[in-house]
Amino acid sequence: MVERNGRGRDHPVLTGAPRSPPSAFVEQANVTDPEIYESFAENWPECWDRAAELLSWDRSYETVLEDDDAPFYRWFTGGKLNAAENCVDRHLEAGRKNHAAIRWEGKRGEREVYTYRDLYVATNEVATALRELGVEEDDVVTIYLPMIPELPITMLACARIGAPHNVVFAGLSADALATRMDAADSEYLLTCDGYYRRGNAFNQKSKADNARLKLEHDVRTVVVDRLGEDLPHVLGDDEYDYHELRETFTGETVEPVSRDAEDMLFLMYTSGTTGEPKGVVHTTGGYLSHVAWTAHAVLDVKPDDTYWCAADIGWITGHSYIVYGPLALGTTTVMYEGTPDYPDRDRLWEIVDRNAVDVFYTAPTAIRAFMKWGEEYPNRHDLSSLRLLGSVGEPISPRPWNWYREHIGGGDVPVVDTWWQTETGAVTVSTLPAVDEMKPGAAGPGLPGIDVRVVDDAGEEVEPGESGYLTIARPWPGMARTLYDGDEQFRSEYWDRFSDPDADDWRYFSGDAARIDEDGYLTVLGRVDDVINVSGRRLSTMEIESAITDVPGVAETAVVGRSSEPGGTEIYAYVSTEGGYDDENAVREAIVDSIETAIGPFARPTRILFTPELPKTRSGKIMRRLLENISNGEDLGDTSALRNPEIVGEIQAEILED
Ligand code: PRX
């Protein structure tokens, strides 16, 4: 039905044989009542009280949902709460002060445990320091830290004083950091001297310094000394040492600021169709309720669990399911700084074994790597503590799904394939592990209360078995409220396409294509817009293209996604040069540099192909779809609109060359 542009995969993912939830799991699960779908549907939107009840409110809300200004919905209005208090303080009062909150596993084998009490002390000292440095309620604080404990600590310190955080993934470039700080008018930065990458010291502060040079406003900076003597650094004007600040304010506490439910908790930049990063705004009450509820209902997290989401806190998965969801529930969250294959390919399983992890959540790109490395690595360890496995970030096809369940889960645990986005805040599509059958290759139905619909171009629901656009017909608590400084863009990016404002009928458009089956299970097929999903990370093709056209000598470029191993996507860049730039290697190097500078090393194309011209329509538009088909070795379809059909054969020949 839907014309997909082929990013991600084009071959249909067949779903594997359905599997029932194991009875041992069902007996202990948080949510077991099959009526929950119906009761949420009948009692909507008040059904979401169930999520809000997982939190402690300073003042109860008056209204669950206010929808008079759609699509700018407001949840739990009148309510007041503080996210850090919910994630830290209330667990102390509940007699769990010495319960482990964070178990940190460093890259070099270091291990640290922060109890809830430790977290309380640390976040209070940092919150005091931030206040002393001038941070006021509603000031946006940017955090540019790798996976070290100071990252969640500083996030919670911001939340404590009502200062929205803006975490920028540590692997992003100086330019990308500057763009995000500028767009967010952020005058405070928390960063570190550097971190270890495969055993080597890597300088983070120089990137932060370069970003500051690009900004027109002053930036107060706090620097965590992570590397000590391995990478000495000097602090300049307006720069403060994190540990010294903590020492200065040892034992100080700050009353958590009581925030309106609709006050901003954080913003997070992500890739959109325009090429400009979009600052997605999340609020305190709705977001926190939704992440807590889904950690409880989908990931089945219990306060006494040791839970591990192997993602980076620099992206939404880590915000929602390393920090806010698990800590709101008072569980122990594992935080891992390193990579899955260092020092050896059994590193993750060694961590699961040693910490007796109950619930493990990761991305298909990692699962495919584990499968490729082979079962010998998990087999070295006792993984019998695992009760539930989760997958997020990309489609997972039945083979890796089954492998994951068999070799990591011992064949007998539920696997939840959770579909959601930076903009949805928390999981929106998944099976409930103790209620629903699992179908490998299909994420599942919309969660209770989430009205997911797969529609055609006209917005009509498609028949089972057909593909269409993934939309959501009703609001939900964790949804983005707007884009920072961009109400209009928020409407045009997500709402205009399928909504009918005259009829007050609002439909959220996710930008994904999906197929739905007769049981309402979705198989997500990938993006339909100019965003590609590489290793579970959203990258805008336009952003990469603009970094390429910045290179002297580049005339034109088109960036497309190519399916790699099942479920994976890699970046192909087609480039034509101006006359006189014949040294392709020099241009190629400059392109790689430019992309690394503008975005970061992970956005580097797998292949950069030079071509005298790009295929164009008679009206002069680059035919990206055709380039995708060529890259994927697929049938080219209708090429009659092409002005320069002869170029196609040349490009195909070059693709086949290696
Ligand atoms: O294309 C979908 C894919 O990841 C996109 C969201 O990316 P981001 O905002 O970075 O958030 C990633 C983690 C939530 C979606 O539009 N995606 C996410 N989960 C799945 C998925 N695709 C298929 N199956 C999933 N389970």
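**Entry 1. Helix 5 against helix 6**

I looked up which residues bring these two helices together: Leu119, Tyr120, Ala122, Thr123, Asn124, Val126, Ala127 and Leu130 of helix 5 meet Ile153, Thr154, Leu156, Ala157, Cys158 and Arg160 of helix 6. Contact here means heavy atoms within 4.5 Å. By class, I noted 10 nonpolar, three polar and one charged residues in this contact. Ala, Val, Leu, Ile, Met, Phe, Trp, Tyr, Cys and Pro count as nonpolar, Asp, Glu, Lys and Arg as charged, and the others, Gly among them, as polar.

The model is predicted, with pLDDT of at least 70 required for local features and 80 or more for side-chain atom pairs, while totals for chains, interfaces and linings use all residues. Residues are numbered from 1 along each chain as its sequence is written, and side-chain values use heavy atoms, with hydrogens and water left out.

I then took the geometry: the axes of helix 5 (residues 116–132) and helix 6 (residues 150–160) come within 8 Å and cross at roughly 60 degrees. The axes are lines fitted to C-alpha atoms, for helices over the stretch in contact, with angles from 0 to 180 degrees between N-to-C directions. Helices (H or I, at least four residues) and strands (E, at least two) are DSSP runs, numbered from the N terminus. I recorded the crossing as right-handed, that is, the near helix is turned clockwise from the far one by less than a right angle.

**Entry 2. Cysteines**

I searched for disulfides (cysteine sulfur atoms within 2.5 Å) and the count was zero. Cysteine 87 is buried, at 0% relative accessibility, and cysteine 47 is buried at 5%. Buried means under 20% relative accessible area, exposed over 50%, and partly exposed in between (1.4 Å probe, protein chains only).

**Entry 3. Aromatic rings**

I counted 30 aromatic pairs. Rings of Phe, Tyr and Trp (its six-membered ring) pair if their centres lie within 6.5 Å; planes under 30 degrees apart are stacked, over 60 edge-to-face, and the rest tilted. Tryptophan 57 and phenylalanine 76 are edge-to-face, at 5.7 Å centre to centre and 65 degrees between the planes. This pair links parts of the chain 19 residues apart: tryptophan 57 lies in the loop between helix 3 (49–52) and strand 1 (63–66), and phenylalanine 76 in strand 2 (residues 74–77). Both residues, tryptophan 57 and phenylalanine 76, are buried.

I also noted phenylalanine 490 and tryptophan 495 as a tilted pair, 6.1 Å centre to centre with 55 degrees between the planes. Phenylalanine 490 is buried at 1%, and tryptophan 495 at 2%.
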